[in-house]
Structure formats: structure tokens, C-alpha cells
Amino acid sequence: MSLLSKVTRCMKKIAPLELAETSWDNVGVLVEPPYPSPKQNKVFLTIDLTPQVLEEALADPKIGTIVSYHPPIFSSMKRLTSADVKQDIVLKAIARGVGIYSPHTACDNCVNGVNDWLASGLGQGSVIPITPADNPPLGQENSGSGRLFTFEEPVQLTTVVERVKKLVGLNHVRLATATSHKNSKLIETIAICAGSGSSVLNNVQADLYFTGEMGHHDVLAALAKDTSVILCEHTNTERGYLSAILKPALEKELANENSEMGEAIQVVVSQVDQDPLVIV
């Protein structure tokens, strides 16, 4: 069995593809090279598969499968040429025998996925999905899109902000403060959505929205209903999940597997992958 096949089987256990939002998302095996190298025994994790990240991955001939959280193939391709950035990524991966798998919204929605990781850094409280999954797989009964977190004991907005910074590893976040929170009203409920949150959060009643990005008018609408907003930039709400949750989960699933050459399978996380936006 190829390394890609082993990773695919394990990823489907961690983040079942039935939970993905396939009406618009593109998940699962995106690139299956016809001639993978039997010497490959490493799995490479990244949020975005940019040319720079691909270069990092291909610099190590042991890497045989890339798990790219965001799918590098999204819209259809009518040809494959090096003139197009996305097509060039696919061509180079195939040429080096490297497979590409994308879990995206399956990882967002699954139990112990990206949104649950975001909730885990907020403090003591309870978590439920904003929109529960229909007929979830066994063990995924609490899966679904977004999360609604309720504190056991309400806290100040400033406390939440500091916890979010610590969780995602940022010195600064963007904050829109509702009138009541300027007057020291405590935060009891937080609606969470990794990445771009407007479509999931806009109709949710909560004291605070916690996401990567929202449109200007969506933020204004939140403030109008007395909901504060924390924005961390899109991928900053996703990247920490790779090292904190996905890497150890995948290592556990692959613990009894070996490469075709009999070597133990290793999981590594990109050091080049980063959000394109920084606060300066």
C-alpha cells in the first residue's frame, strides 16, 4: 500500500469526509502520483500549499504525501502548464511522486477538529456545534459547523483576548468592541468559526464572535446587536491545529505502519507556511 493510501485511510478516521461541506469544498485525494518512490516515509502538513511551501516539501526526498488543509486544486483545470501557479504545483508534485490530500472543512467540522481546538483555549466551559451534522459517523455525534462555547463563569472581554492571543500565537489581534463590553459587561457565550466566519456566525446570538476574518459590514452588523468580534486573520485560526492536534493524531494512526522500505512513517509540519497578512 502506498504512503498516500495509508495517510488517506488514517485521515478519514480523524476527519471523516462525510463531514465536509462538499457542495462547494474540494476534499480528499487531490493528486495521486502514478510512480511514488518506495523510499518516501514522511508526511508533510501545511495550511496552504504555496510555491514556497512546496519547495520546502520537495527539498526532502523522503516526503511522499502532503496534507494541505486548504485544497490547492479548487476550480476545474482544462490544461496543466507551468505558466499557472496552481497547475505548476500539481505538475511538480506528480513529477516527484508526491501525493496531495486535503481535509479542509472535514477538519473544521469533526470532533477534535479545528473549531474544537479553538474552543479549547478559551477556558472552562461547554461546547456544541452551531449547526450539528446530519447523520454523523460513529464517534462524531458532536460534529458540525462552527462551535458555540459557553463559559462556566463569565469573564471580561480582555481576558478572552489574551487567551486567544496565547492560543494562536499572536501579539496582536483585531477587536471590535460592542457597547455593553465597553461598559464592562462580561462574556458568557462565544461563537467560533475557523477561517472566514461570516456565513457561519452572522445569524448566531452570542456575546462574542471569534474567527479569522469577516467583512466590514458583517462586523458592523455584529456590533449593532451588541456582539463583539475578534479577528485573527484567516489562517492564524487554523495553523496551530496542525502541530497541536493533527500531527499527534496522525502519528498515532500511523504508529504501526511502515514505508515500502520498512521505515517508520514520520509526520512533519511546514516551517515556511504562514498567513500572508501581518500587522506592522
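In this predicted model, Cys193 has Thr211 of strand β9 as its bridge partner. The two strands concerned, β8 (residues 187–196) and β9 (residues 208–213), pair in the parallel sense over five bridges.

Strands β8 and β9 belong to an open sheet of six strands, whose order is β5-β6-β8-β9-β10-β7 and whose pairing is mixed. At the edges of this sheet are β5 (125–132) and β7 (174–176), each of which pairs on one side only. On average, and with direction ignored, neighbouring strands of the sheet are turned by 20 degrees against each other.

Helix α6 packs on the sheet, where it touches β6 (144–155), β7, β8, β9 and β10 (228–231), while helix α9 lies across β7, β9 and β10.

| Helix | Strand | Angle between directions |
|---|---|---|
| α6 (residues 157–168) | β6 | about 130 degrees |
| α9 (residues 216–224) | β10 | about 145 degrees |

A further helix, α5 (residues 114–120), contains Ala119. Is this residue, Ala119, buried or exposed? Because its relative accessible area is 4%, and buried means under 20%, Ala119 counts as buried. Leaving aside neighbours within four places in sequence, Ala119 is in contact with Val127, Phe149 and Ile192. Ala119 can also be related to Ile190, which is 71 residues away along the chain, with 8.8 Å separating the C-alpha atoms of the two residues.

Conventions. Residues numbered from 1 in each chain as written. Predicted model: local features only at pLDDT ≥ 70, side-chain atom pairs only at ≥ 80, totals over all residues. Heavy atoms only, no water. Helix = DSSP H or I, 4+ residues; strand = E, 2+ residues; numbered from the N terminus. Buried < 20%, exposed > 50% of the residue type's maximum accessible area, 1.4 Å probe, protein only. Contact = heavy atoms within 4.5 Å. Pairing = 2+ DSSP bridges. Axes fitted to C-alpha atoms, helices over the stretch in contact; angles between N-to-C directions.
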